[in-house]
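Welcome, and please have your viewer ready. Could you show me around this protein, one selection at a time?

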Amino acid sequence: MEKHALRWWGLAVAVLAVLVDMIDNQIVAVALPTIRRELGTGEAALQWISAGYALGFALTLITGGRLGDRHGTKKLFVAGMLVFTTASLVAGLAGHVGVLIAARVVQGVGSGLMVPQVLSFIHAEFDERERPKAMAWYAGAFPVGGLAGPLLGGALTEADLFGTGWRAIFLVNVPIGVLALLGALATMAGRPGFRRHRTDPVGLALLTAASAAVFYPLVQGRELGWPMWTVALLVAAVPLFGVFVLHQRFQFRRGGEPLVPPELLRRLAVGQAVLFCVTTATGVFFVLTLHLQLGLGFSPWEAALTFAPSTLGIVAGNVLALRLAARFGRAFTAGALGVLLAGLVAIAFVAGDPALRGWELLVPVIAVGLGMGAVLNALFAASMAEVRPELAGAASGVVNTTVQLGTATGIALSGTVFFARLDAGSASATTGALLVSAGVLVVALILSVNKVKQPADV
């Protein structure tokens with residue numbers, strides 16, 4: 001396939017979309033008290049302002065990836081960005097909390113349409129020599145966006161730009177979205193999709209139901225105190241996913257077009273288990289932020305700045321992955337997981353100090369960033385290593401869904417441990433959550449050593 005001359009500019013636009021998505025996932029948290037005061041809403045509505053985006057995003061990812069395979073990456077990316085930008089404008093102008101919640105859900109749907117196209121774009125436009133560098137930019141956008149979200153949210157809310165207050169956190173997406181739309185139209189190759197068959201409605205319904213049964217209780221369960229119906233939903237997700245898998249196999253055998261072909265289920269299963277464990281473990285930073293602010297009296301700015309040095313580690317980890325991941329394969333992934341695990345354990349040892357200062361976390365925070373940047377880059381590359389071009393969108397949807405599921409699980413798991421132990425003090429609660437996350441990383445390390453196929457192993 002002929003290389004598109006503007007592919008690196010197209011990558012910049014695509015990575016910007018991932019960055020905006022990650023920022024938007026986190027940016028609303030610090031503005032919720034202000035939104036509650038100005039719109040006069042209750043706690044349940046505040047939870048939905050935050051959770052609505054995550055649910056809309058997670059439930060659309062695999063379908064968005066598959067639609068990109070059929071109708072073309074550029075078309076779906078532009079459509080998703082248009083939906084996201086329009087919903088951001090509505091959210092910024094919302095005068096009622098119901099409108100704001102609906103806009104947040106639609107924002108998530110827009111992101112779910114455009115984000116899976118990024119891996120597809122990389123897979124289609126870059127050869128094996130260029131792909132690791134492109135992957136490094138893609139992998140770095142996830143943790144950097146997650147860290148930038150709270151900082152940007154606090155800055156925009158406090159700045160009260162043109163009297164917009166909290167609305168600025170949504171309105172800022174409008175000019176960014178317009179630039180991204182123009183950039184995508186100008187720099188992305190308009191390659192046609194591989195298939196134009198009808199979407200499998202039964203598979204889509206099963207996947208949506210199974211995903212909702214997982215994501216809804218994970219997002220809302222902790223705040224609601226884990227009532228029995230949330231646990232029942234999680235249990236029900238297992239047979240729902242089982243029926244979905246059986247239906248996909250049936251569709252494939254009868255010559256239909258499954259949303260997630262059995263080939264992908266076979267190739268990606270263990271690698272996605274490792275990715276799930278990694279993103280679950282890093283969800284503990286939600287608890288660390290609470291501990292620094294509620295337990296140690298850090299301001300939101302001080303807490304955010306404490307974790308800011310991890311971006312140095314993330315950049316270094318991506319550079320290392322770029323140079324070494326393909327050469328050393330599983331050994332590199334295991335080493336990166338070891339660094340990430342060591343950083344979390346080091347934080348667990350010092351987090352209990354009531355006189356803890358931000359600079360004392362500098363080295364372990366950089367270590368966590370180093371391990372995270374390296375392992376995410378390696379896992380993303382491994383997930384796409386042997387995927388045929390016509391399945392790249394579906395694979396991208398699976399990978400991004402794993403990241404979202406792991407993040408939601410990590411917040412739910414670490415939050416549950418934290419609040420269950422809070423009577424013993426914030427330090428004890430935080431240490432317990434960190435050690436649980438470290439245990440999850442040990443599972444990832446065992447899986448990566450024994451099972452995960454890396455590009456070098458092919």
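**Before you start**

This is a predicted model, in which local features need pLDDT of at least 70, side-chain atom pairs count only at pLDDT 80 or more, and totals for chains, interfaces and linings use all residues. Residues are numbered from 1 along each chain as its sequence is written, and side-chain values use heavy atoms, with hydrogens and water left out.

**Stop 1: colour by confidence**

Colour the model by pLDDT, the predictor's confidence in each residue, from 0 to 100. The protein has an average of 81, and 92% of the residues score at least 70. Helices here are DSSP runs (H or I, at least four residues), numbered from the N terminus. Select helix H5 (residues 73-93), where confidence is highest at a mean of 93, and then helix H15 (residues 300-307), where it is lowest at 73. Now pick residues 452-458, where pLDDT stays under 50. Where pLDDT is low, the predicted coordinates should not be read in detail.

**Stop 2: the nonpolar core**

A nonpolar core is a set of buried Ala, Val, Leu, Ile, Met, Phe, Trp, Tyr and Cys residues joined through side-chain atoms within 4.5 Å. Buried means under 20% relative accessible area, exposed means over 50%, and partly exposed lies in between (1.4 Å probe, protein chains only). Select Phe77, Tyr138, Val278 and Phe380: of the 95 residues in the largest core, these touch the most other members. Helix H18 (residues 362-384) gives this core its largest share, 10 residues. For a second, separate core of 21 residues, select Ala31, Ala45, Ala103 and Trp166, which are among its members.

**Stop 3: a charged network**

Side chains of opposite charge can pair when their charged atoms come close. A salt bridge is counted when a side-chain nitrogen of Lys or Arg is within 4 Å of a carboxyl oxygen of Asp or Glu, and by this rule there are two. Select Arg7 and Glu130, whose closest N and O atoms are 2.7 Å apart. Arg7 lies in helix H1 (residues 7-27) and Glu130 in the loop between helix H7 (116-125) and helix H8 (131-159), so this pair ties together parts that are 123 residues apart in sequence. Arg7 is buried, at 12% relative accessibility, and Glu130 is buried too, at 8%.

Arg129 is exposed, at 65% relative accessibility. Through shared partners, the salt bridges join Arg7, Arg129 and Glu130 into one network.

**Stop 4: a buried glutamine**

Select Gln251 in helix H12 (residues 228-253). Is Gln251 buried or exposed? Gln251 counts as buried, at 8% relative accessibility. Beyond its neighbours within four places in sequence, Gln251 is in contact with Asp200, Gly256, Glu257 and Pro258.

**Stop 5: a loop**

Finish at Leu296, in the loop between helix H14 (285-295) and H15. Leaving out residues up to four places away in sequence, Leu296 touches His291, Asp353, Pro354 and Leu356. Then select Gly242, whose C-alpha atom is 45 Å from that of Leu296.

Key
Helices (H or I, at least four residues) and strands (E, at least two) are DSSP runs, numbered from the N terminus. Contact means heavy atoms within 4.5 Å.
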